[in-house]
Amino acid sequence: VNSLAISPEGTTLASGSADRTVRLWDISSGRELHTLSGHRHAVIAVAFSPKGGMLASGSWDKTINLWDVASGRELRTLSGHTAQVAAVAFSPDGTVLASGSWDKTIKLWDAASGRERRTLSGHTGWVECVAFSPDGRLLASGSDDHTIKLWDVASGRELRTLAGNTSTVSSLAFSPDGKTLATAGA
């Protein structure tokens with residue numbers, strides 16, 4: 001199991017695995033609800049939409065799949081990265097999906113249509129993690145280049161590079177008020 005996510009209402013757990021599947025679990029009973037198959041390689045990242053109706057999964061097969069949580073049906077496959085997709089995150093309002101890849105880019109997608117909105121470039125190493133600020137205006141990305149970049153979501157402009165990590169930045173989280181960004185690395 002490479003990644004886990006809990007639905008916003010706290011009832012469903014999603015697990016992304018090296019066996020190329022995403023499994024949805026009922027948290028209270030531990031019962032498996034669905035096995036989602038569609039990726040050709042390991043699933044590295046999973047994220048629920050803010051209202052919990054959609055799940056995104058990123059894979060070593062360079063794609064992102066969007067799934068209907070209730071039925072377990074694959075809604076669409078997003079293609080465009082040229083290397084593994086290591087991170088996925090929905091904006092707080094659920095309209096934008098961000099994906100980070102080992103191709104050193106972040107892509108912003110329209111969550112409803114699956115169309116690519118823009119590509120953010122600037123990292124010199126793999127992008128390992130992405131996180132939206134609570135107001136959805138900023139996106140943070142962490143990389144194998146030991147940096148964190150802050151991006152303006154509306155314009156796609158890089159606002160700042162945070163340096164100081166001595167290894168890969170593998171996880172990011174904003175505080176609820178959006179004033180603090182926590183990072184973890186190797």
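Predicted model: local features only at pLDDT ≥ 70, side-chain atom pairs only at ≥ 80, totals over all residues.
Biologist: How much space lies in the largest pocket, and which residues are closest to its centre?
Modeller: The space comes to about 330 Å³. The lining has 19 residues. The closest to the centre of the pocket are A89, V130, A131, L172 and A173.

Biologist: Which elements give two or more residues to the lining of the largest pocket?
Modeller: Strands are what to look for here. They span residues 85-90, 127-132 and 169-174. Their names are β9, β13 and β17.

Biologist: Which strands stand at the edges of the open sheet of four strands?
Modeller: The order is β5-β6-β7-β8, with antiparallel pairing. The twist averages 20° from one strand to the next. An edge strand here has a single partner, so one side of it is left without a neighbour in the sheet. That picks out β5 (43-48) and β8 (74-79).

Biologist: Over how many bridges do β7 and β8 pair, and which residue in β8 does W67 stand opposite?
Modeller: Strand β7 covers residues 63-68. Its pairing with β8 is antiparallel and runs over five bridges.

Biologist: Is S49 buried or exposed?
Modeller: S49 sits in the loop between β5 and β6 (54-59). A polar atom of its side chain lies 3.4 Å from the backbone nitrogen of G53. The relative accessible area of S49 is 9%. Buried means under 20%, so S49 is buried.

Biologist: Why does K62 count as partly exposed, and what is its phi?
Modeller: K62 lies in the loop between β6 and β7. Its relative accessibility is 39%, so it falls between the 20% and 50% cut-offs and counts as partly exposed. K62 is a residue other than glycine, yet its phi is positive, near 80°.

Biologist: Where does K104 lie, and what is its phi?
Modeller: K104 lies in the loop between β10 (96-101) and β11 (105-110). At 37% relative accessibility, K104 counts as partly exposed. It is not a glycine, but its phi is positive, at about 75°.

Biologist: What separation is there between the C-alpha atoms of G178 and D135?
Modeller: G178 is found in the loop between β17 and β18 (181-185). It is partly exposed, with a relative accessible area of 27%. Along the chain, G178 and D135 are 43 residues apart. Their C-alpha atoms are separated by 7.5 Å.

Definitions and conventions
Residues numbered from 1 in each chain as written. Heavy atoms only, no water. 1 Å grid on protein atoms, 1.4 Å probe; cavity = no way out; pocket = protein on both sides within 12 Å on 5 of 7 lines; lining within 4 Å. Points joined across faces, edges and corners; volume = space filled by probe spheres on them. Pairing = 2+ DSSP bridges. Axes fitted to C-alpha atoms, helices over the stretch in contact; angles between N-to-C directions. Buried < 20%, exposed > 50% of the residue type's maximum accessible area, 1.4 Å probe, protein only. Polar contact = N/O pair within 3.5 Å; in protein donor to acceptor, adjacent residues only side chain to side chain.
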